[in-house]
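Subject: Handing over a structure, with notes on what was found

Dear colleague,

Please read them with the structure open beside you.

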Amino acid sequence: MHRHGRSPESEADARAGHPHRPLLRPHDDSAQAARLAAGGQLTPDAAVSLQRTAGNAAFVAVQRMPQGGNGEGPAEEKSMDGLSRLRRAHEREKKRGQTAPTYGPGQSPFGPYTVNKGRGAAPYITSNVKHQHPGSESLGTTYDELIKALDAEHHPLVAAALKGQDPTEEDLAGMSATQRRAAAMLYGITKDSEPLRFAGAGKAARSALNKQGDPYHEAEEYEKDFPMAQVGGAQSYRKALAGETQLSAEALKNLQDMSESSSDGEKSS
């Protein structure tokens, strides 16, 4: 099973001509460049290049410029926009009303999963080899295990399926039994569990899944993009909206990249 370019060993594979492991991005040694990149103004590489070629003065000038003609301010102002989008998605989802979970068999375009009663209001999603995914390998239930089980091109398929855009037969044929099982569980978690932990969370999770479609985006970055995936992170968004904590630059950028559509909810049951 191949995965994204993930390590120095992966880069060595790429230089040796391995077809599935693209070169890793050059290391970004500038904290300022990282902040600019998080604000969506420059890529990390471009920011570092600007510092090295034109000097810090030019870098700071670009940092202070409004974004491309849309009237928005610098990176710090866009970060606040991330919270605004989260609040808007949260309020819209609450107005629509949340459906009580239906325990038992669940179905996704990638195959079945099981909706179990969890400790709180949100259900717990599992799957099995014998009845649901014969031929699949042992697979855990954590985000880390499920995200890493998939290749870069598979995560956007899950995000699209949650919006009602099912994968093609060719898409499914290109996935192993274990990958279809992981995709089914991610679908179930995002559709049936996360929205009950925090209204609007499904939209943020889909945005994070789409980011995983970038072969340079590390699997471990999913939990940074979507903090509810972290151990103890269930209340991340709720606390951020209440002003009790601050979200990371990665989490805010993921929120900024969410769709604006008011009808952009998960596929209904």
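R96 counts as partly exposed, at 43% relative accessibility, where buried stands for under 20% relative accessible area, exposed for over 50%, and partly exposed for the range in between (1.4 Å probe, protein chains only). R96 forms a salt bridge with E93, and their closest N and O atoms are 3.0 Å apart; by salt bridge I mean a side-chain nitrogen of Lys or Arg within 4 Å of a carboxyl oxygen of Asp or Glu. E93, by contrast, counts as buried, at 14% relative accessibility. Both R96 and E93 lie in helix α5, three residues apart, which is about one turn of the helix; helices (H or I, at least four residues) and strands (E, at least two) are DSSP runs, numbered from the N terminus.

Before going further, please note that this is a predicted model, in which local features need pLDDT of at least 70 and side-chain atom pairs count only at pLDDT 80 or more, while totals for chains, interfaces and linings use all residues. Residues are numbered from 1 along each chain as its sequence is written, and side-chain values use heavy atoms, with hydrogens and water left out.

A search of the whole structure finds eight salt bridges, and α5 (residues 75-96) also holds the pair R85 and D81, which are four residues apart, again about one turn of the helix. Their side chains meet at 3.0 Å, N to O; R85 is buried, with a relative accessible area of 15%, whereas D81 is partly exposed at 23%.

Another of the salt bridges joins D257 and K211, whose closest N and O atoms are 2.4 Å apart. This pair links distant parts of the chain, 46 residues apart, with D257 in the segment after α13 (249-256) and K211 in helix α10 (residues 201-211). D257 is partly exposed, with a relative accessible area of 37%, while K211 counts as buried at 18%. Elsewhere, D144, K148 and E220 are linked in a network of salt bridges.

Helix α10 also contains A204, which counts as buried at 0% relative accessibility. Leaving aside neighbours within four places in sequence, A204 is in contact (heavy atoms within 4.5 Å) with F226, Y237, N254, L255 and M258. A204 and Q256 are 52 residues apart in sequence, yet 9.4 Å apart in space, C-alpha to C-alpha.

What order do the strands of the open sheet take? Three strands form this sheet in the order β1-β2-β3, and the pairing is antiparallel; two strands pair if DSSP finds at least two bridges between them. The edge strands are β1 (104-108) and β3 (124-126), each of which pairs on one side only, and neighbouring strands are turned by 35° against each other on average, direction ignored.

β1 and β2 (residues 111-116) pair over five bridges and form a hairpin with two residues between them; within this pairing, the bridge partner of P105 is T114 in β2. β2 and β3 pair over three bridges, and the bridge partner of N116 is Y124 in β3.

Helix α9 (residues 177-197) lies across β1, β2 and β3, running at about 45° to β2. For such angles, axes are lines fitted to C-alpha atoms, for helices over the stretch in contact, and the values run from 0 to 180 degrees between N-to-C directions.
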